[in-house]
Amino acid sequence: MLAQLIPGADWQYFVSIAVVSLYVSVTAVAISTLVSLPIALAVGFSDFPGKRIVTAVINTGMGFPSVVVGLLVLLTLSNQGPLGELGLVFTPTAMIASQFVLATPVITSISLSAIESVGQDVRDAAFTLGGTDTDIGVLVVKEARYGIVTAILAGFGRAVSEVGSILIVGGNIVFSDGTSYTRTLTTAITVEARQGQYETGLVLGAMLLVLVLFVNVLGSWVRSRSRGRGEIQR
């Protein structure tokens, strides 16, 4: 179908780019979620000196320039960097690391807001009923699940739409057979637009929009299912 839309186009090129984009972004967001939620819970359940500063740093990270993140990751993974021996520069792993850094503040900040929005009366009720700290934590996460799902979706949106940092650390590499190694939908759109291949760029842009729409529809479905189960239990 893609070949029919663009005469002479190789559909494997488009599919490989979409697969790389999805793999890198989903992996980065999954790892980021595993790190962000414990941080959000720890900060949300604690009251310590400097908590406002920590929260401010997390919120500031949401707007951290992507090109700066890419540069820092590149310096870390380059031959002269501390992790240079791993040989990860210009690989999908480097792109995952870059997107992880960008998505983590987003997921952490929104999850923290959702957790803190759970009323103190809910926690007090669980404590009165003999709930342990773990029980209270599980209850709060359950009450804040809609906000946490929103946080994960926002993190995915931040990751999958990224251009600058993954262009720096990934190198936008394509194999000799025309399939992608580190080229994503966003970086491919940039390259095709520079070369005047606007039709190809529009198709890639449409694929990116469909991907984001699918993930958001899936997230809405998960939220609606969770809300329906919550109402039944009540």
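In this predicted model, helix H10 has a set of buried residues made up of Leu185, Thr186, Thr187, Ala188, Val191 and Glu192. The helix is followed by Gly196, a residue with a positive phi near 80°.

## The chain as a whole

The chain contains 11 helices and 0 strands, and reading along the sequence gives the pattern α-α-α-α-α-α-α-α-α-α-α. When contacts between residues at least 6 apart in sequence are considered, 72% of them join residues that are at least 24 apart.

The confidence of the prediction should be kept in mind while reading the model. The average pLDDT over the chain is 84, and 85% of the residues score at least 70. Among the elements of the chain, helix H1 (residues 2-5) has the lowest mean pLDDT, at 50, whereas helix H5 (residues 92-116) has the highest, at 93.

## Segments named in the record

An unreviewed UniProt entry lists residues 12-41, 53-77 and 202-222 under "transmembrane region". In the model, the span of residues 12-41 is 100% helix and 0% strand, and its end C-alpha atoms lie 43 Å apart. Residues 53-77, by comparison, are 84% helix and 0% strand, with 29 Å between the end C-alpha atoms.

Which residues have the most contacts inside the largest nonpolar core? This core has 18 residues, and the ones with the most contacts inside it are Ile17, Leu185 and Leu204. Two or more residues each come from helix H2 (11-45), helix H8 (145-160), helix H10 (185-194) and helix H11 (198-233), and H8 gives the most, with 6 residues. Leaving aside residues up to four places away in sequence, Leu204 touches Phe14, Ile17, Leu185, Ala188, Ile189 and Glu192.

A second, separate core has 12 residues, among them Val69, Ala94, Leu102 and Val169. Leu102 belongs to helix H5, and this leucine counts as buried because its relative accessibility is 1%, under the 20% cut-off. The residues that Leu102 touches, again not counting those up to four places away in sequence, are Phe64, Ser66, Val69, Arg158, Glu162 and Ser165. Leu102 and Gly63 are 39 residues apart in sequence, and their C-alpha atoms are 8.7 Å apart in space.

## Aromatic pairs

A search of the whole structure finds 2 aromatic pairs. In one of them, the rings of Tyr13 and Phe14 have centres 5.6 Å apart and planes at 70°, so this pair is edge-to-face, an angle over 60 degrees being required for that label. Phe175 and Tyr181 form a tilted pair, with 5.2 Å from centre to centre and 45° between the planes.

Are Tyr13 and Phe14 buried or exposed? Both residues are buried. Phe175, on the other hand, counts as partly exposed because its relative accessibility is 43%, and Tyr181 also counts as partly exposed, at 28% relative accessibility.

| Residue | Relative accessibility | Class |
|---|---|---|
| Leu102 | 1% | buried |
| Asn172 | 10% | buried |
| Tyr181 | 28% | partly exposed |
| Phe90 | 39% | partly exposed |
| Phe175 | 43% | partly exposed |

Asn172 therefore counts as buried, with a relative accessible area of 10%, whereas Phe90 counts as partly exposed, with a relative accessibility of 39%.

Definitions and conventions. Residues are numbered from 1 along each chain as its sequence is written. This is a predicted model: local features need pLDDT of at least 70, side-chain atom pairs count only at pLDDT 80 or more; totals for chains, interfaces and linings use all residues. Side-chain values use heavy atoms; hydrogens and water are left out. Rings of Phe, Tyr and Trp (its six-membered ring) pair if their centres lie within 6.5 Å; planes under 30 degrees apart count as stacked, over 60 as edge-to-face and the rest as tilted. Buried means under 20% relative accessible area, exposed over 50%, partly exposed in between (1.4 Å probe, protein chains only). UniProt positions are given in the numbering used here, feature names are shortened, and annotations may be inferred rather than shown by experiment. Helices (H or I, at least four residues) and strands (E, at least two) are DSSP runs, numbered from the N terminus. Contact means heavy atoms within 4.5 Å. A nonpolar core is a set of buried Ala, Val, Leu, Ile, Met, Phe, Trp, Tyr and Cys residues joined through side-chain atoms within 4.5 Å. pLDDT is the predictor's confidence in each residue, from 0 to 100.
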